[in-house]
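Hello,

Here is the structure I promised to pass on to you. Please have it open while you read the notes below.

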Amino acid sequence: GATRGEHLFYRTAETARTIVIDYSSPNVAKPMHVGHIRSTLIGDGLSKTLRFVGHRVITDNHLGDWGTQFGMIIYGYKHLVDAEAYAKNPVQELGRLYKRVRQIIDFHAAGQQLPILQDRIAKQRTELEELESTQEEKDKKKRKEIGRRRAKISEQEEQAKELEAKLAAANTDVELLSLSDQHANIAQEVLTETAKLHAGDEENVALWNEFLPYCREDIRRIYDRLGIHFDHELGESFYHDQLEGVVESLDEKVLSEESEGATCVFMKQYDTPMIIRKKDGAFLYATTDLATIQYRVSTWHPTTMLYVVDHRQHQHFEKKYSPQVYH
């Protein structure tokens, strides 16, 4: 039992565990949003509580400091920067550039996707009408199939409405329309800038080194206001040189296979594979996460690793921690 002066409502852990907690983890090239604040506060509360009861806790802020978002900012800086605004407030101008490039990419994507989606909906409606006309009233299997198809069409119609809304909003933005005409191949060019950065291109690496301190300083101000401190802040860039080893390791274990030029891990319980290297040789976020797990296990030897993330990422983690990947 507790003695005088001790807390009465907890017990110290009988066996101290080493626990790695991954939380917050914003993309440093974009403004933090409420989802990051939620993850940050929950993760900080967990780390303090687990330390309080006697566990060894290691907190790691897995910053997004290397991905496509930097390709977007680099492209924006090369083509759209307001030099005076950048000199006055670099972070604000970098945020504006990211947002503008994102808007142009989304506008082009919506314009390409909407007619395809509309054609698909029309075709599925025709097929549904044919199915309904041949359905027997007591045929439960057909009724179930009709319900499934109706739900699918309804879902796609919602997607079409969202795309239509994006296009309508863009059509009121004269500057955006002009920029979209001037940057017709922006999505591919952003990927090219990202690939050049990852390949060590001198100009892009120099820009990355220039932008990153501004971005990290901006995030640090938010953490300081919240009183949040991390043991480590090992971003995606830290693991870049380890990604080839991840792919080789899975290949050696005969866990990966090529599919349409990409290197994938197929799992029986999922319709889609975990892609670890794209056809063009680029690695994906899943590859970085696997490298992160390998590093944490070999460096800190944890008994437990906790991630504070949105529930929509559940399948990503189920795939990543599949026994198939680690057999």
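First, the ground rules. This is a predicted model, in which local features need pLDDT of at least 70 and side-chain atom pairs count only at pLDDT 80 or more, while totals for chains, interfaces and linings use all residues. Residues are numbered from 1 along each chain as its sequence is written, and side-chain values use heavy atoms, with hydrogens and water left out.

**Overall**

The protein chain has 12 helices and six strands; helices (H or I, at least four residues) and strands (E, at least two) are DSSP runs, numbered from the N terminus. Along the principal axes, its C-alpha atoms fill a box of roughly 80 × 65 × 45 Å. Of the 327 residues of the chain, 39% count as buried. Here buried means under 20% relative accessible area, exposed over 50%, and partly exposed in between (1.4 Å probe, protein chains only).

**Strands**

Strands β1 (residues 18–22) and β2 (residues 56–60) pair in the parallel sense over five bridges; two strands pair if DSSP finds at least two bridges between them. Val20 stands opposite Ile58 in β2. From β1 the chain crosses through α1 to β2, and this β-α-β crossover is right-handed, that is, with the strands pointing away from the viewer, the path from the first strand over the helix to the second runs clockwise. Four of the five residues of β2 are buried.

Further along, β3 (residues 257–259) and β4 pair in the antiparallel sense over three bridges, with Glu257 opposite Cys264 in β4. These two strands form a hairpin with two residues between them, and Glu260 in the turn has a positive phi of about 55°. On its other pairing, β4 is joined by three bridges to β5 (residues 274–277), again antiparallel, and Thr263 stands opposite Arg277 in β5. In a regular strand the side chains alternate between the two faces of the sheet. Both faces of β4 (residues 262–265) are covered, with Ala262 and Cys264 buried on one side and Thr263 and Val265 buried on the other.

**Aromatic pairs**

A search of the whole structure finds 12 aromatic pairs. Rings of Phe, Tyr and Trp (its six-membered ring) pair if their centres lie within 6.5 Å; planes under 30 degrees apart count as stacked, over 60 as edge-to-face and the rest as tilted. The rings of Phe70 and Trp208 have their centres 6.5 Å apart and their planes at 70°, so this pair is edge-to-face. Phe70 lies in helix α2 (residues 68–80) and Trp208 in helix α8 (residues 202–226), so the pair ties together parts that are 138 residues apart in sequence. Both Phe70 and Trp208 are buried.

Tyr239 and Tyr295 are edge-to-face too, because their ring centres are 5.8 Å apart and their planes stand at 80°. Tyr239 is in the loop between α8 and α9 (243–252) and Tyr295 in helix α10 (residues 285–300), so parts 56 residues apart in sequence are tied together. Tyr239 is buried, with a relative accessible area of 0%, whereas Tyr295 is partly exposed at 21%. Ring pairs also link Tyr77, Tyr86, Phe211 and Tyr214 into a cluster.

**The largest pocket**

About 1300 Å³ of space lies in the largest pocket. On a 1 Å grid over the protein atoms alone, a pocket is an open set of points where a 1.4 Å probe fits, with protein on both sides within 12 Å along at least five of seven lines; lining residues have an atom within 4 Å of a point. The volume is the space filled by probe spheres set on the points, which are joined across faces, edges and corners. Of the 44 lining residues, the closest to the centre are Asn27, Gly64, Gln69, Glu236 and Tyr285. Helix α7 (186–198) gives the most to the lining, with six residues. The lining divides into 14 nonpolar, 21 polar and nine charged residues (Ala, Val, Leu, Ile, Met, Phe, Trp, Tyr, Cys and Pro count as nonpolar, Asp, Glu, Lys and Arg as charged, and the others, Gly among them, as polar).

**Single residues**

Val254, in the loop between α9 and β3, has a positive phi of about 55° although it is not a glycine, and is exposed at 69% relative accessible area.

Best wishes
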